[in-house]
Amino acid sequence: MADGATGRPSRPAWVPDDLYPFDDRWAELDGHLVHYVDEGDGPPLLLLNGNPSWSFGWRDVILGLRDTFRCVAPDYPGFGLSRAAPGYDYRPGSHSRVVERLVDHLGLDGIVVFGYAWGGPIGLGLAGRRPELVGGIVLANTWAWPDDRLRVRLFSALLGGPLAPLLVDRLNVMLRLYLPLNLKRRGLTAAERAAYDGPFPRGRRSVLRVFPREIVRGRAYLREVEAGLQALADKPAVILWPDSDPGFGDAELARWQALFPDARTVHLRHTGQFIDEDAPDDIVDALRSWRGESGSVEAPGPQA
């Protein structure tokens, strides 16, 4: 349903105003109607989520940091409140280009790019293409290179392969199982669960299959992201690393630390994949400290 006064979609009932107390902002980009949050003052902090989340997951991080950063959290086309143009492929490289268009639309500069899970390759792809726009990087449980581990390929085949229409579309395992099992500190309330379920009613869940499929099929884009890391090596960086994400462990952390040797590492204890939902207070404290120690977005010395 559209708001007659603005022509923009009205907020659906499954978005709780008390939990998500932000103005809905919209940009028409290449045929997409992109919804985003834009709150606060300071260096732009670009917040990019994983699958099957949307900007709702960042709500407490935004509330905690909007007096320190300008928090910009877009919904990828087909996710959250955003609407995709006809024929859109929902691939991470395409999402990265849409986010880049939004950055240009908003005239953002000196951006701190922060993404976890698939938000990492989406944001780092943009950062590698446009390093002159980047003021800093927050690295989390993510990657930026082709991943050939057996368990990763099995996950991709299970949720992105022939069984995916049954598992993802009909049985809704991404929202019923994958999301709640990857939260370690607390369960979702009924209102929170409704907000996560809302964008993906039956008949609109096929978009959730694309990310798992692209772990393997999207190797070309991941190689592009990896090649762009060289242009980011001198950017201020901080690493926020959860201890309970089954997809990312010590090997991936060590690789990030080698790529960004001056980055501080902050360990997020008892935290799963969805760090924005699981550990928002820890994230807020870490980024306030990172910025506050020097008065600007500059990386402090390494920390174990």
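**Note on aromatic contacts and the central sheet**

1. In this predicted model, the count of aromatic pairs comes to 21. One of them joins Tyr20 and Trp54 in a tilted arrangement, with 5.4 Å centre to centre and 50° between the planes. Tyr20 belongs to the segment before strand 1 and Trp54 to the loop between strand 3 and helix 1 (59-65), so this pair ties together parts that are 34 residues apart in sequence. Both Tyr20 and Trp54 are buried.

2. Trp58 and Phe114 form an edge-to-face pair, 5.0 Å centre to centre with 65° between the planes. This pair links distant parts of the chain, 56 residues apart: Trp58 is in the loop between strand 3 and helix 1, and Phe114 is in strand 5. Trp58 counts as buried because its relative accessibility is 0%; Phe114, at 0% relative accessibility, also counts as buried.

3. One aromatic cluster is made up of Tyr76, Phe79, Trp118, Trp143, Phe200, Phe211 and Phe248.

4. Two arginines sit over rings. The charged end of Arg59 is 4.0 Å from the ring centre of Phe56, and that of Arg255 is 3.9 Å from the ring centre of Trp145.

5. Eight strands form an open sheet with mixed pairing, in the order 1-2-4-3-5-6-7-8. Strand 1 (25-29) and strand 8 (264-268) are the edge strands, each pairing on one side only. Strand 3 (residues 44-48) and strand 4 (residues 70-74) run parallel and are joined by three bridges; Pro44 stands opposite Arg70.

6. Helix 3 (residues 119-129) lies across strands 3, 5 and 6, running at about 155° to strand 5. Helix 12 (residues 280-292) packs on the sheet, and its direction makes about 160° with that of strand 7 (237-242).

Key:
Residues are numbered from 1 along each chain as its sequence is written. This is a predicted model: local features need pLDDT of at least 70, side-chain atom pairs count only at pLDDT 80 or more; totals for chains, interfaces and linings use all residues. Side-chain values use heavy atoms; hydrogens and water are left out. Two strands pair if DSSP finds at least two bridges between them. Helices (H or I, at least four residues) and strands (E, at least two) are DSSP runs, numbered from the N terminus. Contact means heavy atoms within 4.5 Å. Axes are lines fitted to C-alpha atoms, for helices over the stretch in contact, and angles run from 0 to 180 degrees between N-to-C directions. Rings of Phe, Tyr and Trp (its six-membered ring) pair if their centres lie within 6.5 Å; planes under 30 degrees apart count as stacked, over 60 as edge-to-face and the rest as tilted. Buried means under 20% relative accessible area, exposed over 50%, partly exposed in between (1.4 Å probe, protein chains only). A charge sits over a ring if NZ of Lys or CZ of Arg is within 6 Å of the ring centre and within 35 degrees of the ring normal.
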